[in-house]
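Hi everyone, thanks for coming. Today I'd like to walk you through one structure, piece by piece. Please have a look at the sequence and the model first.

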Amino acid sequence: RPNSDFGGTLVIGVADDGTIVGLEQDYATLRKEGKDDSDLFLLHLNQLVETSVGLAAAANVTTTIHQVGRDVCRVHVEPSGHPVEAEVTAVDDRGQFSKKRMFFVRLNNATRAIDDETERQRYIAQRWRA
């Protein structure tokens, strides 16, 4: 939530109902002989964040692995001092993939993209008062 006033925290490896599912399936996709699973996971996650939002915004993100019966990952994002767009992969009506930049905000308990340029500028003016 770099575009919110307060930032936010995400926990990976926990289902919406609070059940601990862990990171084992994620670890399995990244596993390399002789390498620590959690280290590979964090390196991969940090690279995804940096690629998506850029190095300046990624510097506001901290990631930590916690043991809660199983490994889970806490991702904490401090609010950004500037507007942040994310590069995401979108799928069109024909099933074609493309990269596009989007501006996301947190509204109550939902994350939404602001596509309308006028609305985006209003949000930016309100959030980052000059």
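Let's begin in the middle of things. The largest nonpolar core has 12 residues: Leu23, Tyr27, Leu30, Phe41, Leu42, Leu45, Val49, Ala58, Val61, Cys73, Val75 and Val77. By a nonpolar core I mean a set of buried Ala, Val, Leu, Ile, Met, Phe, Trp, Tyr and Cys residues joined through side-chain atoms within 4.5 Å. Buried, in turn, stands for under 20% relative accessible area, exposed for over 50%, and partly exposed for anything in between, using a 1.4 Å probe and protein chains only.

Who supplies this core? At least two residues each come from α1 (24–30), α2 and β3. The largest share, 4 residues, belongs to α2. As for these labels, helices (H or I, at least four residues) and strands (E, at least two) are DSSP runs, numbered from the N terminus. And here is a general thought to keep with you: in soluble globular proteins, nonpolar side chains tend to be buried together.

Before I go on, a quick word about what we are looking at. This is a predicted model, where local features need pLDDT of at least 70 and side-chain atom pairs count only at pLDDT 80 or more, while totals for chains, interfaces and linings use all residues. Residues are numbered from 1 along each chain as its sequence is written, and side-chain values use heavy atoms, with hydrogens and water left out.

Not counting residues up to four places away in sequence, Leu23 touches Ile12, Gly13, Phe41, Ile65, Asp71, Val72 and Cys73; contact here means heavy atoms within 4.5 Å. There is also a second, separate core of 6 residues, including Ile114, Tyr123, Ile124 and Trp128.

Now for helix α2. It covers residues 37–53, which is 17 residues, and reaches 24 Å from its first C-alpha to its last, close to the 24 Å expected at 1.5 Å a residue. That expected span is 1.5 Å times one less than the number of residues. Which residues of α2 are buried? They are Asp37, Ser38, Leu40, Phe41, Leu42, Leu45, Val49 and Ser52.

Let's zoom in on β1. It pairs with strand β3 (residues 70–77) in the antiparallel sense over 5 bridges, and Ile12 has Cys73 of β3 as its bridge partner. Is Thr9 buried or partly exposed? Its relative accessible area is 39%, so Thr9 counts as partly exposed. The Thr9 side chain makes a polar contact with the side chain of His76, at 2.7 Å. A polar contact is a pair of N or O atoms within 3.5 Å; within protein, one must be able to donate a hydrogen and the other to accept it, and residues adjacent in sequence count only if both atoms are side-chain atoms.

Further along come two hairpins. Strands β4 (residues 86–91) and β5 (residues 97–102) run antiparallel and are joined by 6 bridges, with 5 residues between them. In that turn, Gly95 has a positive phi of about 85°. Strands β6 (residues 104–107) and β7 (residues 110–113) are also antiparallel, joined by 4 bridges. In the loop between β6 and β7 lies Asn108, whose phi near 55° is a positive value in a residue other than glycine. Asn108 is exposed, at 76% relative accessibility.

Last stop: Arg120, in helix α4 (residues 117–127). Arg120 is buried, with a relative accessible area of 13%. Its side chain reaches the backbone oxygen of Ile114 at 2.9 Å.

Definitions and conventions. Two strands pair if DSSP finds at least two bridges between them.
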